[in-house]
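I opened this model to look up pockets, aromatic pairs and salt bridges. My entries are below.

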Amino acid sequence: NHENLESRKEILEKILERVIYEKRILIIPTFALERAQEIIFDLQDLVDKKKVPEIKIFLDSPLALRISKIYEKYHEYLNQESSKEILSRGIFDKEYLKIVQVPEDEKEMFLAQNPKIILAGSGMVTGGKILKILKNYIENEKTTILFVGYQAEGSLGRKILDGDKKVIIDYKIFEVKAKVLNLFSYSAHRDQQGILEWVSPQRFKLKKIFLIHGDYKAKQALKRKIIDELTVETILPVENFFVEL
């Protein structure tokens, strides 16, 4: 289960306070669609309401920038609060927020003094600009890496999150000296409670449920929950496949 939406900004605030106090680099691997925009909105809100001091923020994601322009163009399709915010200030209209678009911007990002925040894709650290950023900072003890989305088994992000002390980036071994945190309430995936609430109204019409997506242990736990609470037969196809063998 994720942290609830009400508390996630409070948790983010505490992380920022620590980053600023200790003069750290906060690196957030982020997905370009919705995730980057959501996090930047929350970061701006915390700064603008003076809940945290102003801090330099860099977004190094060409795709996130292109998607954000679509949000701005079609803001009327968003909820009223988001639409109003975009109309009044845009998504990236802040002096302390720098969009990395050309080599000079990247140079400024790397040379900027701490504390600072860098957001870049991909969200699971499987490619994109985040790789170059981590190569520069993952061995720095003043670095904090904050994961805000699901990290699939086998991905570099998952290895870092699971506590691997050494990782391979572009065929070179790096020691993980950075502090690693997670805040999964930014994930677009429904958590266990969310899935149970979604299935519950349909339970009397369902004969079987097949759990095919997610980590194996999480699926096992969800299977038990569905059977115990909703009394619907639940099957893990891979589990049954191995049983038959």
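The notes start with the ground rules and then go topic by topic.

**Ground rules**

I am working on a predicted model, where local features need pLDDT of at least 70, side-chain atom pairs count only at pLDDT 80 or more, and totals for chains, interfaces and linings use all residues. Residues are numbered from 1 along each chain as its sequence is written, and side-chain values use heavy atoms, with hydrogens and water left out.

**Pockets**

I took a pocket as an open set of points on a 1 Å grid over the protein atoms alone, where a 1.4 Å probe fits, with protein on both sides within 12 Å along at least five of seven lines. Lining residues have an atom within 4 Å of a point. Volume is the space filled by probe spheres set on the points, which are joined across faces, edges and corners.

I looked up the largest pocket and got about 770 Å³. It is lined by 27 residues, and Y150, R190, G214, D215 and A218 are the closest to its centre. Helices α7 (156-161), α8 (192-199) and α9 (216-230) each supply at least two residues. I read helices as DSSP runs of H or I with at least four residues, and strands as E runs of at least two, numbered from the N terminus.

By class, I count 11 nonpolar, 9 polar and 7 charged residues in the lining of the largest pocket. Here Ala, Val, Leu, Ile, Met, Phe, Trp, Tyr, Cys and Pro are nonpolar, Asp, Glu, Lys and Arg are charged, and the others, Gly among them, are polar.

The second largest pocket holds about 520 Å³. Of its 18 lining residues, E38, F41, D42, N79 and S82 are the closest to the centre. Two or more residues come from each of α1 (5-21), α2 (35-48) and α4 (80-89).

**Aromatic pairs**

I paired rings of Phe, Tyr and Trp (its six-membered ring) with centres within 6.5 Å; planes under 30 degrees apart are stacked, over 60 edge-to-face, the rest tilted. The count is 2.

Y74 and Y77 are tilted, at 6.3 Å centre to centre and 55° between the planes. For accessibility I used relative area: buried is under 20%, exposed over 50%, partly exposed in between (1.4 Å probe, protein chains only). Y74 is partly exposed at 40%, and Y77 is exposed at 68%.

F110 and Y137 are also a tilted pair, at 6.0 Å and 35°. F110 sits in α5 (residues 103-111) and Y137 in α6 (residues 130-137), so the pair ties together parts 27 residues apart in sequence. F110 is partly exposed at 21%; Y137 is buried at 7%.

**Salt bridges**

My rule was a side-chain nitrogen of Lys or Arg within 4 Å of a carboxyl oxygen of Asp or Glu. That gives 19 salt bridges.

E22 and R24 meet at 3.5 Å, N to O. E22 is partly exposed at 25%, while R24 is buried at 8%.

E108 and K98 meet at 3.6 Å. E108 is in α5 and K98 in strand β3 (residues 97-99), so this bridge ties together parts 10 residues apart in sequence.

E34 and R35 meet at 3.9 Å. Which residues are linked with them in a network? I found R8, K9, E34, R35, E38, D42, D45 and K49 linked by salt bridges.
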